[in-house]
Amino acid sequence: MSTDSVTAEQREKWRTEAEAHVWSNIGRPSLVVLQVLVVVISQNCALSRFLALQPLLGMAAKMAYMLRLNHENPQLSTTAREIRRRIMWSIFILDKRLAAGQSDLISCPKEQMHIQLPSNERDFELAISGETGTLIPTQIDEGDSTSMGTRAYFCQLSNTRHEILRYTRRVISEGSKAHDSRNELLQLESDLQNLKRSLPESMAFSERNINLRAYSPHLKRYVMLHTMWHQCHCDLYRFMLPGIRESLPDEVLNTTLPEYAIYCQTRAVQHAKALVDIFRTVQKVCDQTPQDPGIGICVFQCTRILIRAFDIGLLGSHPTAIEIIYQLKSAAKILLPITAVNQSADQLYKETERLISTAIAGGSYPDSMTKLSQKEHIRDSNILDILARIRQRDIERGEEVLQQYPASPPLTTPTGSEVSSDRETGATNERAVEKPSRGEVLEESLWYTGLESEHMFGSLDTVFDGFGGPSMNFDPQDLEQF
């Protein structure tokens, strides 16, 4: 499945067979069925099939609750307990990512996660029982940071990002004065800072730590963790940046305390520039790039903030601002390795290039990217945007909107001839990178949702072989405890 020789039709056939296996065993919940369901959800997510995701995710959460994966079971072995935790946390991360701050779409509220965070890879592989603490810390058990790995920090960051999006959506929908809720914003800011301070020195962001991981598969996960940390700040502050779709109404911005507005705008720009620095550092040090499709969203959002800041004079003097825009143009090329295998990333890269080229040519921020636009230049593809469009039309026309988001999009992908010439040339200091296959992108997506293909299923090539149970590299005694 992770080889380029596998055709799109074969992948689709496997996905269909996997879904059929889930539905045929829907009345017999088990860890095997649940694992296959999570893989199906991850595959649909990678293919942007958002209409199919929410029902499947709700079913996965219910099945996990029925199996009591959200509770610890001290009678099981260390490995068995950790496998159960990782499946539950994978559903939790997917749930938070797809809900996008909308409480109505949450299937796994944090209050129901009565298990500790997943352990690091070393403890898992060696069956070491380490205490990582819970998502909501208690005075009794604060956890042991030495057992915390990248996966555990992703769980915390996913929860914080959901709280940030929920807060900003509420403030925007209420149309209230933003500074009236500044204490809530400062608390979310404090949560992010506390997470950063809890990182061990080996996981702090630095060029040295990137060099140490330059030829390790852990580099991509390390980079994505810090990328998402800065993206959370951008999500938190961007509603005070006038003129973008996520900003507060102009009448509300005009009544906001100027000092508070400047504070939020400055912080949004600072963290967007920090994202550019991360991308450029990775490009300079090594050839690897994060394969999570989420990196495309981070690059695009970073671009929107910086281009809008450039347009309204928040990037300093003109020479300084132009230099930042050219740095952004170079950093955006971090998306190139995944554009050939991910249509969303390809679309985001093209739109990013368009925004940057317009700014360099002296144009203003496109009206199509503002909240005042009557027609969006780029179609948002998360479930909230789809539902909003359905609500805005008559009920008789709802089916017409749904047809714009087919459950099974075309299986063709952009060919090399569709890539612009400036992609082929690149910057003078840009290295040639090997484009990942679709299977590699899926495996990376699975990791960010809490799964590891070699730990949870063995080779992805044999996941669905006969459905007699996935190949897992654990002692049979551990499997019997499930």
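Predicted model: local features only at pLDDT ≥ 70, side-chain atom pairs only at ≥ 80, totals over all residues.
Ala 268, Val 269, Ala 272, Lys 273, Leu 275, Val 276 and Phe 279 of helix H11 meet a set of residues in helix H12, namely Ile 295, Cys 298, Val 299, Cys 302, Ile 305, Leu 306 and Ala 309.

**How H11 and H12 pack**

- H11 spans residues 258-285 and H12 spans residues 294-311, and their axes lie 9 Å apart.
- The angle at which the two helices pack is about 130°, and H11 and H12 are therefore oblique to each other.
- The crossing of H11 past H12 is left-handed.

**The protein as a whole**

- You will find 21 helices and zero strands in the secondary structure.
- Of the 482 residues in the protein, 53% are buried.
- Taking contacts between residues at least 6 apart in sequence, 74% join residues at least 24 apart.

- Among the elements of the protein, the highest mean pLDDT, 94, belongs to helix H7 (residues 182-198).
- At the other end of the scale, helix H18 (residues 421-425) has the lowest mean pLDDT, 38.
- Residues 367-383 have pLDDT below 50, and the model gives this stretch 49 contacts beyond near neighbours in sequence.
- Residues 393-433 also stay under 50 in pLDDT, and for them the model has 56 contacts beyond four places in sequence.

**Two alanines with positive phi**

- Ala 100 is not a glycine, yet its phi is positive, at about 55°.
- In the chain, Ala 100 sits in the loop between helix H4 (78-99) and helix H5 (121-125).
- With a relative accessibility of 10%, Ala 100 counts as buried, because the cut-off for buried is under 20% relative accessible area.
- Ala 127 is another residue other than glycine with a positive phi, near 55°.
- The loop that holds Ala 127 runs between H5 and helix H6 (150-174).
- Ala 127 has a relative accessible area of 39%, so this residue is partly exposed.

Terms used. Residues numbered from 1 in each chain as written. Heavy atoms only, no water. Axes fitted to C-alpha atoms, helices over the stretch in contact; angles between N-to-C directions. Helix = DSSP H or I, 4+ residues; strand = E, 2+ residues; numbered from the N terminus. Parallel < 35°, antiparallel > 145°, perpendicular 65-115°, else oblique. Left-handed = near helix turned anticlockwise from the far one by under 90°. Contact = heavy atoms within 4.5 Å. pLDDT = per-residue confidence, 0-100. Buried < 20%, exposed > 50% of the residue type's maximum accessible area, 1.4 Å probe, protein only.
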